[in-house]
Protein chains: 2
Amino acid sequence: MTRAELQLLRSLRDKEHREELGLYAVEGEKIVSELVAAGHPFERIYATAEWKGQRTHEISEPEMARVSHFPTPSTVFAIGRIRRVEPAPGELDRGLTLALDGVQDPGNVGTILRIADWFGLDRVVLSPACADVHSPKVIQASMGSFARVRTYVADLGTALAGTNAPVIGCELGGRDVHDIPALDHAVIVIGSEGGGLAAGTRSRLSYSVTIPRVGAAESLNAAVAAAIMCDNLRRAAGKAK
Amino acid sequence: MTRAELQLLRSLRDKEHREELGLYAVEGEKIVSELVAAGHPFERIYATAEWKGQRTHEISEPEMARVSHFPTPSTVFAIGRIRRVEPAPGELDRGLTLALDGVQDPGNVGTILRIADWFGLDRVVLSPACADVHSPKVIQASMGSFARVRTYVADLGTALAGTNAPVIGCELGGRDVHDIPALDHAVIVIGSEGGGLAAGTRSRLSYSVTIPRVGAAESLNAAVAAAIMCDNLRRAAGKAK
């Protein structure tokens, strides 16, 4: 392994280098196994002799220690190619979309991918202000759902302007989420915990819904709100059948 | 501030020292403000001259730097007393209880306190294998709900054996959570993501419920499952009125 290759792999922990190179890294036995099992297409899989799974390049333990983003290196370090596409025209008209407006915490974004996967949503659209979906923390928190959920990064004001599906915001002061109708096609918009929905996003909403509060907490975390929205959507659709 | 006092404050980052001393620490402007606003009774509040809020002891910045659990110290460090009580006999018969069985991630436990606060639950009972409810990460993630939610640490097998309220486990293969009846009194049990419910807990269940899955994710995170359970409980109760 050349010094340049080592440096390239190490550099993928930073978003700017990922964007520049069009590559991202996934490290750790559990998450790489999950993604490989889900049929995720990696470009290269670097592994030490100890790794039992699939690999394209065998590297030594000292090399892995230099490549690794972890204080305690794992035995496998996989590289994927970032395919950045916008949603196709009319794509958001069909099925169920979760749109994330400035959800910055990578753990939350990863958990939301897992939620979208559990509830069988068709896609997740992230605003550019969200945590980078190719960051190690997002992929780790998604627990393999990163491989199964279609994701896009797009300006939400623009992406939502073009859709015929109802665009439903999750925020305080809306209709009761328990009364949500059965919807085969919809976009659910989840805002950041601190800032709520951006003005350019809010102007695209068909209406807002609210998760009824009984107690005193000021807010729910974004992943929790997304999950409750999805569960109510699926409940309403199931009841209608 | 004496050397012994400094060492005592620093030591509170470790669970064994918290247990031994019966004290816990909360650090950071935002979380201390939230807890003070919620009327949380601190024993002592150490703060530098910069801190605008309530304090009992002013300390210098170098002292704070030595006390702090953070790489970048905040301006305030508050100390509370751990009051460890078991649920009173019959207490779980009344109202809504969330019981956590081995939920080890402190972020999840804190998020669950926030969920319990949002949905106005009466209490949260944690098994001894859960993350320590007095750990800085739990308190931080609770975003002030730590001050408002009554918590207990208790062996769940024992605590659940004595209650007349239905004990409802959240696990795969149960009844559809969307069909949950209106319940004024119930205990909802959430297991760990990896291990599910312990045998001693499962033997106390009245029945299990499941969050219907449409897609492919293997599981939902414990906080997400707790939130969906609480939302369905509140929905069912609201519908019955």
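# Reading the contacts of a two-chain model

Me: I've got the structure open. What angle do the axes of α9(A) and α9(B) make where they cross?

Reply: The axes of α9(A) and α9(B) cross at roughly 50° and come within 9 Å. An axis here is a line fitted to C-alpha atoms, for helices over the stretch in contact, and angles run from 0 to 180 degrees between N-to-C directions. Helices (H or I, at least four residues) and strands (E, at least two) are DSSP runs, numbered from the N terminus. Do keep in mind that this is a predicted model, where local features need pLDDT of at least 70, side-chain atom pairs count only at pLDDT 80 or more, and totals for chains, interfaces and linings use all residues. As for labels, residues are numbered from 1 along each chain as its sequence is written, while chains are lettered from A and ligands numbered from 1 in the order in which they are written.

Me: And what do I call that arrangement of α9(A) and α9(B)?

Reply: Angles under 35 degrees count as roughly parallel, over 145 as roughly antiparallel, 65 to 115 as roughly perpendicular and the rest as oblique. So α9(A) and α9(B) are oblique to each other.

Me: Which residues of α9(A) and α9(B) meet?

Reply: Two residues are in contact if their C-beta atoms, placed from the backbone, lie within 7 Å. On α9(A) you'll find A:Ala223, A:Val224, A:Ala227, A:Ile228 and A:Asp231, meeting B:Ala223, B:Val224, B:Ala227, B:Ile228 and B:Asp231 on α9(B). Sorted by class, the contact of α9(A) with α9(B) has 8 nonpolar, no polar and 2 charged residues. (Ala, Val, Leu, Ile, Met, Phe, Trp, Tyr, Cys and Pro count as nonpolar, Asp, Glu, Lys and Arg as charged, and the others, Gly among them, as polar.)

Me: Zooming out, how many residues does each chain give to the contact between chain B and chain A?

Reply: Chain B gives 27 residues and chain A gives 27 residues. On the chain B side, α5 (106–118) and α9 (222–240) each supply at least two residues. α9(B) gives the most to that side, with 8 residues. The side of chain B that touches chain A holds 13 nonpolar, 7 polar and 7 charged residues.

Me: How is chain B superposed on chain A?

Reply: Two copies of a chain are related by a rotation about an axis and a shift along it. Here a rotation of 180° with 0.0 Å of shift along its axis puts chain B on chain A, with an RMSD of 0.0 Å. The same surface serves both copies, and 100% of the contact residues of chain B recur in chain A.

Me: Back inside one chain: how do α5(A) and α9(A) cross?

Reply: The axes of α5 (106–118) and α9 (222–240) of chain A come within 9 Å and cross at roughly 15°. That makes α5(A) roughly parallel to α9(A), and α5(A) passes α9(A) in a right-handed crossing. From α5(A) come A:Asn108, A:Thr111, A:Ile112 and A:Ile115, and from α9(A) come A:Ala222, A:Ala223, A:Ala226, A:Ala227 and A:Cys230. That contact has 7 nonpolar, 2 polar and no charged residues.

Me: Which domains is chain A divided into?

Reply: Domain bounds come from an automatic or database domain assignment. Chain A is divided into domain 1 (3–81) and domain 2 (91–240). Their centres, taken over C-alpha atoms, are separated by 30 Å. Where they touch, domain 1 gives 14 residues and domain 2 gives 11 residues. On the domain 1 side, α2 (15–21), β1 (23–27) and α3 (29–37) of chain A each give two or more residues, and β1(A) provides the largest share, 4 residues.

How values were computed. Left-handed = near helix turned anticlockwise from the far one by under 90°. Least-squares fit on C-alpha atoms with pLDDT ≥ 70 in both.
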